[in-house]
Amino acid sequence: MVDIKSMTLEELSGWFRKLGEPAFRARQVFQWLYRGVTSFEEMTNLPKALRQRLAETALLTPPAVARKQVSQQDGTIKYLWQLADGNCVESVLMCYQHGNTVCISCQVGCRMGCAFCASTLAGKVRDLTPAEMIDQVLFTQTDSGVPVSNIVLMGIGEPLDNFDTVLRFLSLVNCPDGLNIGMRHISLSTCGLTEKIDKLAQYGLQLTLSVSLHAPDDETRSKIMPVNQGVGVEKLMETCRRYFEKTGRRISYEYAMIDGVNDSDWQADLLARRLRGAPAHVNLIPLNEVEESPLKPSRRVAAFQNRLEAQGVTVTVRRKLGGDIDASCGQLRRKAMKHSAGSPAETR
Ligand code: SAH
């Protein structure tokens, strides 16, 4: 069976040519796919025989809503999707003044092992396909009725650990016959895989790269982010500088404030020093508590922010959306996993 939704319009056209179908049919099918149809039967402007043929040769595997939570505070919607093989991933829809943003997952679980993150607790199960990433955007849109204008790759998983799929996903959402969402409306967040950041830089994409820094010193960063071990903050910052030189895009650094771990004055000072030399933006995130972790949110967010700003760093504190619905990544899937422990709903 052909994974039709992971195909670019060009590939689809090529495949249709091979099937002996006229090229304009490929565009019609592509457009239907991005309208969020769940069967070929719905593609009403195709001849019946072609619909039949597609149903026999191509795969459409729309995810099912396993759970949906709507925040009473701000309308943020969180979806737990059940994929065709029973695995689950999360997406979150947030409505900001500058647009409606969907935060999507790129892997089932994660193997990066960050100490504060719920997504990584049970490791990585598998990579998502491009189609499974696209479907999160499409079905969030169709289920909520809210048109999505921005995408952030900040859900479950490490995007640069599923590199080819993520690149394909980006070109698919970019396509004018598909979602038509421009690169400047997309953010990709990484825990800092340096070789992959260099590889991404080669493409010169105009997306926003967010680097999850979380600590400016190696001792702390290696403790809370295993990915830092053997690499180090210095090398990461050099990679980020190269990325800026190559793409011209200012990097955004994420910094989850953890009580007594990364929130002291000397760390603010070291962070400010590390960021010199290339335009940067720091996003301070109040830590979301994860049940299984002893780490607590910092009480020094404002002081840390002031200290950075006094040294010329551009800082924002992330507004907390959906606090009442476990809207930070991995938590809903985690709960569902515990709930269904032993059942086949979550398969490896
Ligand atoms: N793997 C990617 C993207 C997924 S996580 C990355 O590491 O960037 C998206 C962001 O949420 C990252 O900055 C991550 O470090 C942060 N994050 C994870 N768990 C968190 C928590 N409990 N509280 C606050 N931020 C968290």
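Strands (E, at least two residues) and helices (H or I, at least four) are DSSP runs, numbered from the N terminus. In a regular strand, the side chains alternate between the two faces of the sheet.

The model is a predicted one, in which local features need pLDDT of at least 70, side-chain atom pairs count only at pLDDT 80 or more, and totals for chains, interfaces and linings use all residues. Residues are numbered from 1 along each chain as its sequence is written, and side-chain values use heavy atoms, leaving out hydrogens and water.

Strand S7 has partners on both sides, where two strands are said to pair if DSSP finds at least two bridges between them. Strands S4 and S7 run parallel and are joined by three bridges, and Val 102 has Ile 151 of S7 as its bridge partner. Strand S4 (residues 99–103) pairs with strand S3 (residues 88–96) in the antiparallel sense, over five bridges. Within that pairing, Met 94 has Thr 101 of S4 as its bridge partner.

These strands belong to an open sheet of ten strands with mixed pairing, in the order S1-S2-S3-S4-S7-S8-S9-S10-S11-S12. Its edges are formed by strand S1 (64–70) and strand S12 (315–317), each of which pairs on one side only. From one strand to the next, the twist averages 20°, with axes taken as lines fitted to C-alpha atoms (for helices over the stretch in contact) and angles running from 0 to 180 degrees between N-to-C directions.

Attention now turns to the nonpolar interior. A nonpolar core is a set of buried Ala, Val, Leu, Ile, Met, Phe, Trp, Tyr and Cys residues joined through side-chain atoms within 4.5 Å. The largest such core has 99 residues, and those with the most contacts inside it are Ile 4, Ile 151, Phe 169, Leu 170, Tyr 253 and Leu 308. Helix H5 (residues 163–174) supplies the largest share of this core, seven residues. Apart from it lies another core, of five residues, including Val 92, Met 94, Val 152 and Leu 321.

Leaving aside residues up to four places away in sequence, Tyr 253 touches Val 211, Leu 213, Met 237, Cys 240, Leu 275, Ala 280, His 281, Val 282 and Asn 283. Lys 5, found in the segment before helix H1 (9–19), is buried because its relative accessibility is 4%. Lys 5 and Thr 129 are 124 residues apart in sequence, yet 9.4 Å apart in space, C-alpha to C-alpha.

The structure also holds five aromatic pairs. Rings of Phe, Tyr and Trp (its six-membered ring) pair if their centres lie within 6.5 Å, and planes under 30 degrees apart count as stacked, over 60 as edge-to-face and the rest as tilted. Trp 15 and Phe 16 form an edge-to-face pair, because their ring planes stand at 70°, with centres 5.8 Å apart. Both residues are buried, Trp 15 at 12% relative accessibility and Phe 16 at 0%. The pair of Phe 30 and Tyr 34 is tilted, with ring centres 4.7 Å apart and planes at 35°. These two residues lie four residues apart in helix H2 (residues 23–34), about one turn of the helix. Phe 30 is buried at a relative accessible area of 1%, and Tyr 34 is buried at 8%.

Finally, a search of the whole structure finds zero disulfides, a disulfide being a pair of cysteine sulfur atoms within 2.5 Å. Cys 106 is buried, at 2% relative accessibility.

Key:
Buried < 20%, exposed > 50% of the residue type's maximum accessible area, 1.4 Å probe, protein only. Contact = heavy atoms within 4.5 Å.
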